[in-house]
Amino acid sequence: MKSIKPGRGPSMMGGISALFAALFGVFWIIVVLQSGGGFFAFFGVIFIAMALVQAWYNFHNASQKDRFSSFDIVDSREEMDPLDPRYAGQDDIPVRSSDSDAPRFCPYCGAELQSDYLYCPECGKKLR
Ligand SMILES: [Zn+2]
């Protein structure tokens, strides 16, 4: 599995923006309470809570070693596409052949391989 992680710079900007959003929520509550809006001040509380979660997430990604991933790239052997069973066998959508039927290639030199090869016959490197 390969993961695409958010950049630290954009994460820092997102965290700072979230703090400003939380500040907006505070002003919202103040203005609503001063104008007698009562119940609508509650939306400011929700807004502040959402902003603080965003701020924590973004500052974590900006500063910590173990960033959350934006995308996880998995091979079909690691995690199947959940839509494959639904659409398999329908004529208008091409059904992907299983990986064992597809030709294998050496990751080092690109030579085409038999499926049971442990070593590349071209470059001699060990295959996984
Ligand atoms: Zn090779």
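This is a predicted model: local features need pLDDT of at least 70, side-chain atom pairs count only at pLDDT 80 or more; totals for chains, interfaces and linings use all residues.
**View 1. N61 in helix α2.** N61 lies within helix α2, which spans residues 41-63. The residue is buried, because its relative accessible area is 0%, against a cut-off of under 20%.

View 2. The SG atoms of C106, C109, C120 and C123 coordinate the zinc ion. Their distances to the metal are 2.2 to 2.3 Å. The site is tetrahedral, with angles of 106 to 117° among the four donor atoms. Along the sequence, the donor residues follow the spacing C-x2-C-x10-C-x2-C. C106 and C123 link distant parts of the chain, 17 residues apart. C106 sits in the loop between β3 (104-105) and β4 (112-113). C123 belongs to the segment after β4. C106 is buried, with a relative accessible area of 4%. C123 is partly exposed, with a value of 33%.

**View 3. The largest pocket and its lining.** The largest pocket holds about 200 Å³ of space. Its lining consists of R77, R104, F105, P107, L127 and R128. By class, three of these residues are nonpolar and three are charged. The lining has no polar residues.

Terms used. Residues are numbered from 1 along each chain as its sequence is written. Side-chain values use heavy atoms; hydrogens and water are left out. Helices (H or I, at least four residues) and strands (E, at least two) are DSSP runs, numbered from the N terminus. Buried means under 20% relative accessible area, exposed over 50%, partly exposed in between (1.4 Å probe, protein chains only). Donors are N, O and S atoms within 2.8 Å of the metal (3.2 Å for Na, K and Ca); water is not among the atoms, so sites may look incomplete. Four donors count as tetrahedral if all angles lie between 85 and 135 degrees; four count as square planar and six as octahedral if opposite donors are over 155 degrees apart and all others between 65 and 115; anything else is irregular. On a 1 Å grid over the protein atoms alone, a cavity is a set of points where a 1.4 Å probe fits but cannot get out, and a pocket is an open set with protein on both sides within 12 Å along at least five of seven lines; lining residues have an atom within 4 Å of a point. Grid points are joined across faces, edges and corners, and a volume is the space filled by probe spheres set on the points. Ala, Val, Leu, Ile, Met, Phe, Trp, Tyr, Cys and Pro count as nonpolar, Asp, Glu, Lys and Arg as charged, and the others, Gly among them, as polar.
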